[in-house]
Amino acid sequence: MNTLLSAFNRHPESIGESYGEHAVFAGRFGFTLLLAGMAALVHAVLPFAFEKTAGNMVIRLHDKIANRGR
């Protein structure tokens, strides 16, 4: 059981977060990626819609994650 808990906490602790903090960050990150993907799909069909939305979202996500855990 202790090994299982260690597996859940190893990565979050390596970047200075608790399991809960990491779960919230990763969940928000994933949801934002889904939204960016949907905007890109709509843009593929309707090129006038969401012209910069997906790209801007990815840039913001990159800025949030680039220096985590360093």
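Let me begin with Thr32, which is found in helix H2, residues 19-45. Helices here are DSSP runs of H or I with at least four residues, numbered from the N terminus. Before going on, the conditions: this is a predicted model, local features need pLDDT of at least 70, side-chain atom pairs count only at pLDDT 80 or more, and totals for chains, interfaces and linings use all residues. Residues are numbered from 1 along each chain as its sequence is written, and side-chain values use heavy atoms, with hydrogens and water left out.

Back to Thr32. Its relative accessibility is 21%, so Thr32 counts as partly exposed. The classes are buried for under 20% relative accessible area, exposed for over 50%, and partly exposed in between, with a 1.4 Å probe and protein chains only. Leaving aside neighbours within four places in sequence, Thr32 is in contact with Met57 and Leu61; contact means heavy atoms within 4.5 Å. Asn56 is 24 residues from Thr32 along the chain, and their C-alpha atoms are separated by 11 Å.

Also in helix H2 is His22. His22 has a relative accessible area of 15% and is buried. Outside the four places in sequence on either side, His22 is in contact with His11, Pro12, Ile15, Glu17 and Arg68.

Two of those partners bring up the next item. How many salt bridges does a search of the whole structure find? The search finds 1, where a salt bridge is a side-chain nitrogen of Lys or Arg within 4 Å of a carboxyl oxygen of Asp or Glu. The side chains of Arg68 and Glu17 meet in a salt bridge, at 2.3 Å from N to O. Arg68 lies in the segment after helix H3 (53-65) and Glu17 in the loop between H1 and H2, so the pair ties together parts 51 residues apart in sequence. Glu17 is buried, with a relative accessible area of 16%.

Now helix H1. H1 has 13 residues, 2-14, and at 1.5 Å a residue should span 18 Å; its end C-alpha atoms are 18 Å apart, which agrees. The expected span is 1.5 Å times one less than the number of residues. There is a kink of about 30 degrees at Phe8, shortly before the proline Pro12. That bend is the angle between axes fitted to the seven residues ending there and the seven starting there. Gly16 follows H1, with a positive phi near 75 degrees.

Last, Phe50, in the loop between H2 and H3. Phe50 is not a glycine, yet its phi is positive, near 55 degrees. With a relative accessible area of 43%, Phe50 is partly exposed.

Key:
Helix = DSSP H or I, 4+ residues; strand = E, 2+ residues; numbered from the N terminus.
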